[in-house]
Every structure is written in structure tokens, then in C-alpha cells.
There are 2 protein chains.
Amino acid sequence: MKRIRVFAPASIANLGCGFDIMGLALDEVGDILEITLSEGDGLTIKNESGVPLPDDIEQNVITPVVRKFMEMTGNKAQVDVVIQKKIYPGSGIGSSSASSAAAAVGMNALYGEPLSEEDVVICAMEGENLASGGYHADNAAPAVMGGIVLIRGYEPLDIIKLPVPGDFYCSVIHPKLVVSTKEARSILPKKVPLHDAITQWGNVGGLVAGLCSGNIGLVGRSMRDTIAEPYRKDFIPGFDELREKVLATGALAMNIAGSGPSVFSLASRNDIAKKAGQVMNRHFDALGIPYESYVVKVSNKGTRLIA
Amino acid sequence: MKRIRVFAPASIANLGCGFDIMGLALDEVGDILEITLSEGDGLTIKNESGVPLPDDIEQNVITPVVRKFMEMTGNKAQVDVVIQKKIYPGSGIGSSSASSAAAAVGMNALYGEPLSEEDVVICAMEGENLASGGYHADNAAPAVMGGIVLIRGYEPLDIIKLPVPGDFYCSVIHPKLVVSTKEARSILPKKVPLHDAITQWGNVGGLVAGLCSGNIGLVGRSMRDTIAEPYRKDFIPGFDELREKVLATGALAMNIAGSGPSVFSLASRNDIAKKAGQVMNRHFDALGIPYESYVVKVSNKGTRLIA
């Protein structure tokens, strides 16, 4: 019998312009999995968190991740998982990715790391597919690897870890509104105006150049989304006014986290991030919408074993 | 009376994935302008090159550039331009941009550089607008500034000079096929599939990351165009087979230069660039299509005064 505990961080996908191809890992906030391996062939998942999870094991993202790992490595065992989930499903800050990343990294650790980091991401993407009906890596890759990550392409998977210039702080708020990833994807048009697409890839270029060269101003002015935000911001009451107030604190940018409804802003100073966080809290207080909020650093650490 | 001579390089826009937002300057190949300033108020343009240019001065790209410079700086003079054009109009390697850049940089030099480099690009873009009906900077900016350039956005103009990692060599071939920039733009759809747009901005991110980190392999595999190439390659006989042969030489990528019909490949070694150039020559020889071809370095030098 072998047992480990794994922490996997929350993550934010898209980063404004990088729809489906960029994401970053957050510090501190995340899910903890305890995984026990013993002789046999089976899987149990026990939810010890206050966060509700599906009773049907086939609907839990951990299940396809563990199966994919076993399939890729040719192993067989009794796997018992205890989950302490801190990230609410549907929050938009990589809830399914954190559990999937923890399962993938944990299984790989239990077997002595037979898989490369990229293959671990591929395992974790099975959980994403169950949660949102698509093999996305923009949460799974930063959750596994930490830092800010670019998914250059999917065929084959090409993950580029980008430099994080100095300290970056995220103010994240999760207003308790129900928006499923599937729903948030389905409202997007199948075709987009070429002009908007050009604006988007100009911004992606600017964001990557800003990160690589440590040009914080360029990072901020590049984090704009002309593609998904015009549709998705309608899920978030007062989105435009909120952004105006958040940017007035000196924050570099404010965007929808992943497919929402969480919203995040980025700042290069902790005091600005705190102010931006307060502005966000007051916004949803005034609307009478309950929320959870955090001010955390962008973390270069991804999923890791803990004591 | 004051007189100067200016050299402006040819340039390649788009670089595969960076449609409308990226471009690079070539070494050696370019246009030379001699500009004479004297008392009065007027403009003459004399064409001393073998390259045909419109007789109507209102149709010459230099005219709106000079006017824009005078308007921006509040000056008035008799301007006499003698042009030695080396780049064929319609070649796709920044013919109009080179003349426009030379005029803008030359005027700015004659008046003691009252305009910033970015404002010089804005002047040069007037020539682009006359030539192709749009204010594009993806040839004009690299022609003025040299190197590899990202246009993050146009409102306001935000030009980012990217690092050129080591030596890059371009093999460029201009098959003598008539494709106007206007025509090449008009065949593009107004809307593009979201899936293809995502692929494109993943590649833009990869290309910028590759340039910034000196990852040549990443540069090569990012230089793919899912948006314009599927339409524009039909102008170039045997495009797909040509690319296969060019990539077999070890070249990093092969793409349409700007809106075509020129084609270019990129290599990190001169001998590979020469081989790729020979493959291109043989391809159009076999088709009986006349061409001009060059193997030149990517230049960090933009438009400059010459003796």
C-alpha cells in the first residue's frame, strides 16, 4: 500500500486575449487529494470537502484521469481517492482542472514518474473533457506546471512555459452565479469577424512579448478580449462599470476568468491588488450577490506533493 | 537647398501566422530615394528606375507620405524626389512600403527629425493606404525600424520591436504573376471559423515566444497560417508541393510573403537558405514562370541615409 497527498492550484484561463491557449496558476487556493494505491483493480472517490460533487463516480473528473494514466502506463491497481475540494465547480478558476491535475500528478508520483510533464497534462485533460466536452489545456497545463503557460497548438500538444516577470498579483472574485462551461462555450459564435480576430492575435503577441521582456505596461494593455467577452460579460452584472472601477485602482487589466463567472484583475503590486479586490467585493455586495474572493500571487509552482 | 539619399529595405509581412500584425525587414534589397528640399511649395517625383510607376503623381505612394509629413510638422517647401526603385510593385515584399518609408524617414531627416519613429511610421502608412486601401503597418513599420516587428494594435498604433535571435536568412522568390494587394485582400472571408482563429493566435503566441527566447524550432513550427493562406495559395501554382520541397532542405518555414505572390522561407543557416532558394528557382523554372529571387539576411537596420 502506498499513500500520498497532492495539492493542485486553482488557475485562470484565457487571460483576456489568450482564449483557449493561455492560463496561469494561482498561489495557495486549490484542491487537495489523498490517493492510496493497493493491490486490486478499482477506484473509489470520497468527498471530504464541503463542496458538492456528483455521487456518480463516472461524473467525477478524477475517474477518466486515473483511467487514462493506467492506460498510458499499462498499470492496474486499487485506487482510493479522498478529496478535499476548495474550488467550487463552475467558478471559472479551474475547479475541474485542479482535481484532474492533482489526480494525474499524484498517480505519476505513486508510480515513480513514468510520464513526462506533458503526458501528465494529457492525463489531466481527460478530466477537462468530461467537465466541458473538449480537450482543453489552458487550465490543466498551468495547474500541473505552474506559472503562465501558452498552448501553442493541440495537434500535437505544444506547451510553452512563459516567464513570469517579477511578482504578479491576482484579485479574483467568484460571484455565486451559475454559469456552466458548456453553456459559456455554446453562446460563442462559430465564426468571428476577421477584424476582431486580428485584434485578438495582435494582443496575444503583445501579451507574450510583454511577459518575455518584462514590459508590465504591455502586458496590461494586451489583456483584452474581443472574441468571448462581448458575449460572456452579460452573465456578470455591471461588468463594464466594475472594470472601470478596478482599472482606476492601478490594476493592469480585468477580465473574465476562463468562461466565468469569476472575474480577475492583475497587478504588479500587492497593495493595488488588495484595493482592486475591495472594489470587486463592494460591487457584488451592492448587487446582493454572494461571492468568494481572494488576493493571491501568480505562482510558479504547479501541482505538488504535500505532507 | 538641402539634398539627401535614403535607402529603405524590402520587407515581409504576416510571417505566416501574424496576418496584418507582424513583419520583418530584409537586408540589401530595397528602394533608394534622393530628396531635394528648396524654397517654394510643390512636389515632383522622377522615376529613374527600370520599374514602371504611375505617371499620375496622385497615384504615387510618395505623395501622400510627403503631404502627411508636412501636415504633421506644419512645414511647406518644394520637394523634388528622384526614385531608384528596385522592388517591383505587386511583388508582396513591401514595394509600396519601401518607397513610403524612404520618403517618411527622408523628410524627417531633412527637417532635423521633428517626428518620433512611431510618427514616421504613421506618415509611411499613408502610402500603404493609397496602395492597398488600408492603414497597415506590417510592412511600413519593419521597413522604417528594421528587424522583426509586432503591431500590437492600431487604435492607438502600438509597435513592438521583437528580438531577432542570431542570424536569420530569408530565401525570397517573386514569380512574375499579377496579384494586387487589393485583390488578395478581397478574396478573404469577412468572418473566420473560431477554431481556425484560435489556432492562429496560438501560433502568434508561439512565434513571439520563440523569437523572445531564441527557440528557433518554436519559431519554425509557429509560422503557419490557417486564415489567409488557404485562399491565397491558389494564386501560386504548386504551393503545397513547393513547401514540402523547401522544408526538406531544413528551412524552418515557408509562407506567402504579405499578400503574395512572393514566397519566402526562413532558415537559421545561410547554406540552407541557399538550398531553399535553389529549390524555389527550379520550381518556377519547371513551370515556365519568370521570377526574381534573393537570399538575404533578416536585417536589424531599417530605412537609413546613404552617401
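## Close-up views of a two-chain model

**View 1. Helices α1 and α2 of chain B pack together.** Helix α1 (residues 62–73) of chain B packs against helix α2 (residues 95–110) of chain B at an angle of about 30°, and their axes lie 9 Å apart. Axes are lines fitted to C-alpha atoms, for helices over the stretch in contact, and angles run from 0 to 180 degrees between N-to-C directions. Helices (H or I, at least four residues) and strands (E, at least two) are DSSP runs, numbered from the N terminus. This is a predicted model, in which local features need pLDDT of at least 70 and side-chain atom pairs count only at pLDDT 80 or more, while totals for chains, interfaces and linings use all residues. Residues are numbered from 1 along each chain as its sequence is written, and chains are lettered from A and ligands numbered from 1 in the order in which they are written.

α1(B) and α2(B) are therefore roughly parallel to each other. Angles under 35 degrees count as roughly parallel, over 145 as roughly antiparallel, 65 to 115 as roughly perpendicular and the rest as oblique. From α1(B), B:Ile62, B:Val65, B:Val66 and B:Phe69 take part; they meet residues of α2(B) including B:Ala103 and B:Met107. This contact has 7 nonpolar, 3 polar and no charged residues. (Ala, Val, Leu, Ile, Met, Phe, Trp, Tyr, Cys and Pro count as nonpolar, Asp, Glu, Lys and Arg as charged, and the others, Gly among them, as polar.)

**View 2. Four strands of chain B form an open sheet.** The strand order is β9-β10-β7-β11, with antiparallel pairing. Two strands pair if DSSP finds at least two bridges between them. At the edges are β9 (253–256) and β11 (291–297) of chain B, each pairing on one side only. Neighbouring strands are turned by 15° against each other on average, direction ignored. β7 (residues 169–175) and β10 (residues 263–267) of chain B share 5 bridges in the antiparallel sense. One bridge joins B:Val172 to B:Phe264 in β10(B). Helix α10 (residues 270–287) of chain B packs on the sheet and touches β7, β10 and β11 of chain B. Residues are in contact if their C-beta atoms, placed from the backbone, lie within 7 Å.

**View 3. Chains A and B meet.** Each chain brings residues to the contact: 34 from chain A and 34 from chain B. On the side of chain A that touches chain B, α6(A) gives the largest share, 15 residues. That side of chain A divides into 20 nonpolar, 10 polar and 4 charged residues. β8(A) also pairs with β8 (residues 191–193) of chain B, antiparallel, over 3 bridges. There, A:Val192 has B:Val192 as its bridge partner.

**View 4. Helix α6 of chain A packs on helix α6 of chain B.** α6(A) and α6 (residues 194–213) of chain B pack at an angle of about 25°, with axes 9 Å apart. The two helices, α6(A) and α6(B), are therefore roughly parallel to each other. Their crossing is right-handed. Among the residues that meet are A:Trp201 and A:Val204 in α6(A), and B:Trp201 and B:Val204 in α6(B). By class, the contact of α6(A) with α6(B) has 12 nonpolar, 6 polar and no charged residues.

Conventions
Contact = placed C-beta atoms within 7 Å. Left-handed = near helix turned anticlockwise from the far one by under 90°.
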